[in-house]
Amino acid sequence: MLNQLNLYAHMWFGRKKTVLLSLLFPVATMAVVVWIAGKNMFVNFEDTKSASFIIVCAAIWCGLFNSIQTIVSDRHDTVLDLRSTNAFCYAGARAILQTGLVLVQSLIITLSYTLVKLNYGHDLPKSGIIFGSVWFEFFVSIFLIMWSSDMMGLMVSGLVKDKSAANTLAPYILIFELIFSGLFFDMSGLADKFSYLMISRWGMQAVGSTSRLNSLESKLQLEHSHLLPEVIKLVKHKPEAAYKATAAHLQQTWLILFAFGLAFFLVTLLLVSRIKKAAKA
């Protein structure tokens, strides 16, 4: 596996445009969050929720596009011969390389929180729910969101036979993640059950919990703070169970995100084995 990891790393770093784009995307996300969404982040419920959603979506998009062409590109690469490659070593080496990339990208996006504080002076939660550092807790959530999305992209790359098919599928996956995140629509029945399969749903819960969304006041509360307490109660938003700021809840969301990534990797391993058999036939 080490030899293959070394080979894939050299191949990846040799593609300077790919490396540059992989790092520019999280930087652009950080700039958008700080410049546009950061003005009232951690000031009120609505704007903090919107900024959190931008971060979650960016992490999903970034992870997906990191890997969605990886295996399908290798199938047509003259340097690689998947027929003579051990499936586990190949998939494992690719997953390790992707994990390293995601670590760096997650660090960049997590800097958004620090820059929001420095730029606008907004106070972040004093500590995390599980860890003493709220910054590290945000990093863990963003990493797991991006890593599970990356593993999903790797799986999709093993399903398709050409790059155009991968590019066609990507927007549909993103649309499903947006619609079934549970943020825009109140879902029930089958739609609600389907939303449990979305990375975006659990990603929002993880980031929203650490952000202490339920403890923030709504815009209307802040705008009408001069009114009587009885009136303020009418405009106060109701705490949402999805954003419970408890260690048990956050650990559950992290475990689910990790389980998504692991499941996608195992399916990828099966797909690579299938590709090898087809190539030998």
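Helices are DSSP runs of H or I with at least four residues, strands are E runs of at least two, and both are numbered from the N terminus. With that in hand, welcome to a predicted model, in which local features need pLDDT of at least 70, side-chain atom pairs count only at pLDDT 80 or more, and totals for chains, interfaces and linings use all residues. Residues are numbered from 1 along each chain as its sequence is written, and side-chain values use heavy atoms, with hydrogens and water left out. Let's look at a serine in a helix, some charged pairs, a pocket and a group of aromatic rings.

**A serine in helix α9**

- Ser-200 lies in helix α9, a helix that covers residues 199-210.
- Is Ser-200 buried or exposed? Ser-200 has a relative accessible area of 1%, so this residue is buried (buried means under 20%, exposed over 50% and partly exposed in between, with a 1.4 Å probe and protein chains only).
- Setting aside neighbours within four places in sequence, Ser-200 is in contact with Val-56, Ile-60, Glu-177, Phe-180 and Ser-181 (contact means heavy atoms within 4.5 Å).

**Salt bridges**

- Side chains of opposite charge can pair when their charged atoms come close.
- Three salt bridges are found in the structure (each has a side-chain nitrogen of Lys or Arg within 4 Å of a carboxyl oxygen of Asp or Glu).
- One of them joins Lys-49 and Glu-240, at 3.3 Å from N to O. Lys-49 belongs to helix α3 (residues 45-67) and Glu-240 to the loop between α11 (229-235) and α12 (247-280), so this pair ties together parts that are 191 residues apart in sequence.
- Lys-49 is buried at 14% relative accessibility, while Glu-240 is partly exposed at 27%.
- Arg-201 pairs with Asp-192, again in a salt bridge, at 3.5 Å from N to O. Arg-201 is buried at 14%, and Asp-192 is partly exposed at 23%.
- Lys-117 and Asp-123 form a salt bridge too, with their closest N and O atoms 3.5 Å apart. Here Lys-117 is partly exposed at 41% and Asp-123 is exposed at 58%.

**The second largest pocket**

- Rolling a probe the size of a water molecule over the atoms shows where empty space is left.
- The second largest pocket holds about 330 Å³ of space (a volume is the space filled by probe spheres set on grid points, which are joined across faces, edges and corners).
- On a 1 Å grid over the protein atoms alone, a pocket is an open set of points where a 1.4 Å probe fits, with protein on both sides within 12 Å along at least five of seven lines; lining residues have an atom within 4 Å of a point.
- Which residues lie nearest the centre of this pocket? Of its 14 lining residues, they are Gly-182, Arg-201, Glu-240, Ala-242 and Tyr-243.
- Helix α9 gives the most to the lining, with three residues.

**Aromatic rings**

- The whole structure has 14 aromatic pairs (rings of Phe, Tyr and Trp, using the six-membered ring of Trp, with centres within 6.5 Å; planes under 30 degrees apart are stacked, over 60 edge-to-face and the rest tilted).
- Trp-135 and Phe-139 make a stacked pair, 6.4 Å centre to centre with 5 degrees between the planes.
- Both lie in helix α6 (residues 134-159), four residues apart, which is about one turn of the helix.
- Trp-135 is partly exposed at 27% relative accessibility, whereas Phe-139 is buried at 11%.
- Trp-135 and Phe-139 also belong to one aromatic cluster with Phe-131, Phe-136, Phe-143 and Trp-254.
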